[in-house]
Structure formats: structure tokens, C-alpha cells
Amino acid sequence: MTLFGGREIWGHAPSDQQAGGQKEKQFANFAAEFMNAHAADVAVWELWNEPDHKTFLNPALFSNFETATAEFCRSIAQLKNPPKIVMGFGFAKLPFNQGQVPQQLENAFVSGAKANCLTDISIHPYRSIPETAIADYGKLRAKLDQLQLGKVGIVASEWGYASYLPVRDRNAQASLILREYLTNVAAGIKLLNLYAWKDRGTSVVSREDNFGLKSKGGEKKEAFSSLSEFLKIARNSRKVSYDSASGLNKLVLSRGNSLLHVVWTQSSEQNALVTADKGKKCTRVDFFPQVRHGSCGSPVEGGFAVKATAYPVLFSLSDQ
């Protein structure tokens, strides 16, 4: 659940703006009352949405935002059962990266985090190549540690890819969304919120109409099928390793007595080897253009050969 007050913090007409900082206190009181009322229904809270984007926060009100965050933290600290997870602020750009996010917004986050009010930093890491987010996550982690915020987790609270013509068909969308998920697993990100569950419209050339995992009418798109099948297989697994070289990506997960090797590229086809000891049982899962479970082929020296592409494949290895 995202608590978002609107572009003008927190009213839409001049008459709503009360003097003396009252508007910040009013929002803080509302937030505390609302969170307290819905504590049994909501596990994860987010404060604000893209305050570094002028669509959502008037830049003239950055100092008000700092005050409002402090008031918010004071209000929820007084609750008998304060929320366990409160993320902030759904940054549109990478914070603590010179020149991208206004200083007042970064200061507001740091103060909230040091007050044990904000538990996680939430960002929207959109980009054309999902895997490039790993380096940015690393920069952000290093900066948080430098600020003595080692307990603060990193969350991707909005990220997705639209299937819209002539830019990207539904298969390409599915590939990018699965790669997006794998990138977050590789980077150890705590939570990924996909944008969006359903298309919001029906125009085939509109990007904003076509971010959904389902069509506006509820039809499951290829992105839904591939991701849900992967999650079914990888549920309760843990990351073992991740390697990336020359655009070839290898993610290894452990699940019970099995190792799950996921292989893909960032663009062109490449030959790859899935390492495996002799005698290992291997099942290959392709997710595109539809889900297929089958043979890994004949073993070669050191494992199983695969022609990796931008469409991830999974090799499940276990003892005979």
C-alpha cells in the first residue's frame, strides 16, 4: 500500500493549504490513523511515489516534504503497534547518484531511516537492459553503507516493460520481465513490484496502455505464463551464484537437492556450458514461446551445452 498525498502536499486548491506547517501534520496524522486501521490487512507500506518527478511533487515544496517526513515518523512512532516495513520514497531516479535526486529528498530519507522509521529504500530502476541495474544497486548499497544505513534494504517498488507497437511485441516483453526478475534475484533485492498487473487500455501503440501481465480483458500474456512457471519451479530456492561476462548471464539457485541453472544473454546468441558432474539427471525448461519441459541433450565434457539467447532457459540438475 502506497501512501501518496498528491502533487501539492496535500491538497489540490489554495484553500487546502494551511499556514504554519499544519498540512504536514495533518498528513502525518492521517497516515498514522490509516496505517493503524489497516495493520491486519497490509504487510508492506510505501511512503510517497516519485517525489523527485515534478508530476508528483511540486519542486517548490521540497522543504515541506522534509518536514512532512519528520512529522510522519513522529506520528507512527507513537502507535502501539507501528508498521514493520515502511519503504520510501519510490524514487524515479537513482538516489545518492550526483545530480539525479534533489538533496532535500535524500536528506528526508536519511533522517527517516536513522530514526528507524523507514526500513527500506524503494526505487524505480527502469532501463532498456535489465542487467545494468546490478551495478546501480551496488552503487546504492555502497552509499547506504557509507551513511551508516547498513540495515536499510533495497526494494524495486515499480519496474516493468510494455508490449506496444512498433517497439516491442509480447514475447519480447515476456523475455525482459523474466530477465528483470532474474536481475533482482542476482542482486539480492528484497522485493520487486511489477508494473503492472493488467493493461490499462487497448491501444496497441500506447506504452502506458500495455504494461500489464494480462490484457485489459484479463487474458494472460506471455509474460504472465513464463514468469509464473519460473516462480513455480524456483519457489523456496536460494541464490548460489551469479556470473556475467560479455553479455552471457548465469544464475544458479539451490532448491532442496536440486541446482537450478538459468542461462541467458543480453542480446545475441552465445554458446554456453551448464556445468554438471557425470551422472546428474537434467531437465531443461524453456519458457518461450511457450513453456516446455524436456531433455537437456547428451552430456558433454563438464556438463551440458546450450545456445543461450535473450530468452532465459533453466536446467534443473539432481542426483539420479
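What is the volume of the largest pocket? The legends below take up this point and others.

**Figure 1. Overview of the predicted chain.** This is a predicted model, in which local features need pLDDT of at least 70, side-chain atom pairs count only at pLDDT 80 or more, and totals for chains, interfaces and linings use all residues. Residues are numbered from 1 along each chain as its sequence is written, and side-chain values use heavy atoms, with hydrogens and water left out. The chain contains six helices and 14 strands; helices (H or I, at least four residues) and strands (E, at least two) are DSSP runs, numbered from the N terminus. Along the principal axes, the C-alpha atoms fill a box of roughly 75 × 45 × 40 Å. Of the 320 residues, 47% are buried; buried means under 20% relative accessible area, exposed over 50%, and partly exposed in between, with a 1.4 Å probe and protein chains only.

**Figure 2. The largest pocket and its lining.** The volume of the largest pocket is about 340 Å³. On a 1 Å grid over the protein atoms alone, a pocket is an open set of points where a 1.4 Å probe fits, with protein on both sides within 12 Å along at least five of seven lines; lining residues have an atom within 4 Å of a point. Grid points are joined across faces, edges and corners, and the volume is the space filled by probe spheres set on the points. Among the 14 lining residues, Tyr126, Gly160, Arg207, Glu208 and Phe211 lie nearest the centre of the pocket. The lining has six nonpolar, two polar and six charged residues. Here Ala, Val, Leu, Ile, Met, Phe, Trp, Tyr, Cys and Pro count as nonpolar, Asp, Glu, Lys and Arg as charged, and the others, Gly among them, as polar.

**Figure 3. Helix 1 and its packing.** Helix 1 comprises 16 residues, 22-37. The expected span of a helix is 1.5 Å times one less than its number of residues, so helix 1 should span 22 Å, in agreement with the 22 Å between its end C-alpha atoms. Lys23, Glu24, Phe27, Ala28, Ala31, Ala32 and Met35 are buried in this helix. The buried residues pack against strand 1 (2-3), strand 2 (45-47), helix 2 (62-77) and strand 3 (86-91), a contact being heavy atoms within 4.5 Å.

**Figure 4. The salt bridge between Lys190 and Asp120.** A salt bridge is a side-chain nitrogen of Lys or Arg within 4 Å of a carboxyl oxygen of Asp or Glu. The structure holds 16 of them. In this one, N and O are 2.9 Å apart. The pair links distant parts of the chain, 70 residues apart: Lys190 is in the loop between helix 5 (170-187) and strand 6 (192-194), and Asp120 is in strand 4 (residues 120-123). Lys190 counts as exposed because its relative accessibility is 58%, whereas Asp120, at 2%, counts as buried.

Figure 5. Lys232 and Glu229 form a salt bridge whose closest N and O atoms are 3.1 Å apart. Lys232 is exposed, with a relative accessible area of 60%, while Glu229 is buried, with 12%.

**Figure 6. Lys151 in its loop.** Lys151 lies between helix 4 and strand 5 (153-159). With a relative accessible area of 74%, Lys151 is exposed. Residues up to four places away in sequence aside, Lys151 touches Asn116 and Thr119.
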